[in-house]
Amino acid sequence: MREITGYERKNGKYGVRNHVLVMATVSCVNGVVNRISREVPEAVCVPHSYGCGRGSARETQILFRILASMVHHPNVGAVVLIGLGCERSNTKALLPFVEKAEKPVELFNVQDCGSLQTAKKGTEAARRMFAEISGQQRVPLPWDRLLVAMECGGSDAMSGVTANVALGAVSDWLVGKGSSVIFGENTEMIGTAHVLTRRARNEEVAKKIVAMIDQAEQRTEDIMGPLASWVISPGNMDGGMSTIAEKSMGCIHKGGTTTINQVVDYGEWPTEKGLILQDGPGYDDAGEGNQLPHTPELNPFHIAAQTGCAYGTGRQGQSTAFFALGAHDLLFLQKLLVRIIVERSVVHELPPLQNGKGASAARAAQIMSTPHSQIPIRNLPFPCSAFQL
Amino acid sequence: MKENSLVIHPRDNVVVALRNLAAGEEVKAKGIEGFAVLQEIPASHKIALREIPAGEEIIKYGETVAVSTRLIKKGEWVHTHNLESKRWRK
């Protein structure tokens, strides 16, 4: 079997890429980050819509966890952090978390020297860092240090028998090699607690699975009220799925069939190996934001993974599952995946999507006709746990 | 036999169309006797494998995925017009 290679980090983790990350601490400085992105297109530039105005302890915890995890990410060799100055996640507050990263990190604040100067300094720093890390060599990456995240999107009724099953086979194969696999999307686990708990390593893990799925169900009900049963997307319904339970039964296949060793919180790093379940929503951008800081490389940020992310989408059963893996070394995994899809796939030639006889139009009509007063004010039952990274 | 449908699990009471099926077309899938669909079925959608009385669970992947809201005849299209989510009933 061909070996894989990566960059060994000081903390013992391995990255499959060696990126320079340019990240905003708050949305207000996205313009500066975008400008650096134009000047240094080879850098991974991450503007985002967070950093301030979200008050609860829980939200702050997640914000700091994700921003710090991006800096710690094994695929990142060096970091330029662009801050504003007055934001909640300001560079001073983040410093204690990012200085432990044991890699070059430079911080700039717009309120110190203005947007143009900050962009100029950030650009120079990013170029300097490329020079600094370019000498790092790839070394063999032990399989037990590989961490891959599985994500599915654009589901239809075929996802659960094609793409997700193929991803599951890859999950099983990786776990068999000693690697770790993370899967999540708790919204799409509603209705499967009895299936997943059978695979829990012990009672504690089983309890966490149940609690996670119960909370996802409750949250969906709190947010959507009388429309909760319409939680799946219009395209899902056009594609033949009728309920969240049906979607979930297909969704969980991407985790394969091995024992679930740990349940981790949104943005939390796993401490166990093997198959890991991560709490986090099913909406893909939020789900990726959750998994990405520790594992995957994915489209919104183009940061490659501590491994990579397998992205399985089963639109119309065409098994468009693909690996957005970081390195050429991992291309053979992609080939493996394709082979599994071809071998296991039951359908290769489905016709183009038919609009499922107006199911989604009916859904839209129902949503539009629901009186506003029946839709509850959004009230998330977030536990306000103590701030802890 | 060229299959045009799929029974995912032996416990299932629905079968999944692998391509668009015209009304009256025969369902052909591994492990079941052929039968005619009563209406046009879009690809990937579900067809009742047997008569499903109102209020009965719809089984797919061997697990409950929904509950029927009215009698569904064998060969009928099974979707949001004749089932509902077991949780959050309308």
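## Helix packing, sheets and the chain contact

In this predicted model, helix α1 (residues 30-39) of chain A packs with helix α5 (residues 115-133) of chain A at an angle of about 45°, and their axes are 9 Å apart. That angle makes α1(A) oblique to α5(A), and the crossing in which α1(A) passes α5(A) is right-handed. On the side of α1(A), the residues that meet the other helix are G31(A), V32(A), R35(A), I36(A) and E39(A), while α5(A) supplies S115(A), T118(A), A119(A), G122(A), T123(A) and A126(A). Sorted by class, the residues of this contact are four nonpolar, five polar and two charged.

Which residues of α1(A) are buried? They are V32(A), V33(A), R35(A), I36(A) and S37(A). The elements covering them include β3, β4 (44-46), β5 (76-83), α4 (110-113) and α5 of chain A, so that α5(A), already described as a packing partner of α1(A), also belongs to this cover.

One of the covering elements, β5(A), is itself mostly covered, since eight of its eight residues are buried. Strand β5(A) pairs with β3(A), to which it runs parallel over six bridges, and with strand β6 (residues 105-109) of chain A, again in the parallel sense, over five bridges. L81(A) in β5(A) stands opposite M23(A), and L81(A) also stands opposite L107(A) in β6(A). In general terms, strands of a sheet pair through backbone hydrogen bonds, either parallel or antiparallel.

The residue N18(A) lies in the loop between β2 (14-15) and β3 (19-24) of chain A. Is N18(A) buried or exposed? With 21 other C-beta atoms within 10 Å, N18(A) is buried, because the cut-off for a buried residue is 20 or more such atoms. The C-alpha atoms of N18(A) and G77(A) are separated by 5.1 Å, although the two residues are 59 residues apart along the chain. Leaving aside residues up to four places away in sequence, N18(A) touches Y7(A), G77(A), I133(A) and Q136(A).

For chain A as a whole, there are 13 helices and 13 strands, and buried residues make up 53% of its 389 residues. Among the contacts in chain A between residues at least 6 apart in sequence, 75% join residues at least 24 apart.

Turning to chain B, one open sheet has four strands in the order β1-β2-β5-β8 (chain B), with antiparallel pairing. Its edge strands are β1 (5-6) and β8 (77-78) of chain B, each of which pairs on one side only. Strand β1(B) is joined to β2 (residues 14-17) of chain B by two bridges, and these strands run antiparallel; S5(B) stands opposite A17(B) in β2(B).

A further open sheet is formed by three strands in the order β6-β7-β9 (chain B), also with antiparallel pairing. Here the edge strands are β6 (57-60) and β9 of chain B, each pairing on one side only. Between β7(B) and β9(B) there are two bridges in the antiparallel sense, and the bridge partner of S68(B) is L83(B) in β9(B). Helix α10 (residues 244-251) of chain A packs on this sheet, where it touches β6 and β7 of chain B, and its direction makes about 160° with that of β7(B).

| Strand pair | Sense | Bridges |
|---|---|---|
| β3(A) and β5(A) | parallel | six bridges |
| β5(A) and β6(A) | parallel | five bridges |
| β1(B) and β2(B) | antiparallel | two bridges |
| β7(B) and β9(B) | antiparallel | two bridges |

The contact between the two chains takes 26 residues from chain B and 29 residues from chain A. On the side of chain B that touches chain A, the elements giving two or more residues are β7 (63-68) and β9 (83-84) of chain B, and β7(B) gives the most, with four residues. By class, that side of chain B has eleven nonpolar, seven polar and eight charged residues.

Note on methods: Residues numbered from 1 in each chain as written. Chains lettered and ligands numbered in written order. Predicted model: local features only at pLDDT ≥ 70, side-chain atom pairs only at ≥ 80, totals over all residues. Pairing = 2+ DSSP bridges. Buried ≥ 20, exposed ≤ 12 C-beta atoms within 10 Å, placed from the backbone. Contact = placed C-beta atoms within 7 Å. Nonpolar A, V, L, I, M, F, W, Y, C, P; charged D, E, K, R; others polar. Axes fitted to C-alpha atoms, helices over the stretch in contact; angles between N-to-C directions. Parallel < 35°, antiparallel > 145°, perpendicular 65-115°, else oblique. Left-handed = near helix turned anticlockwise from the far one by under 90°.
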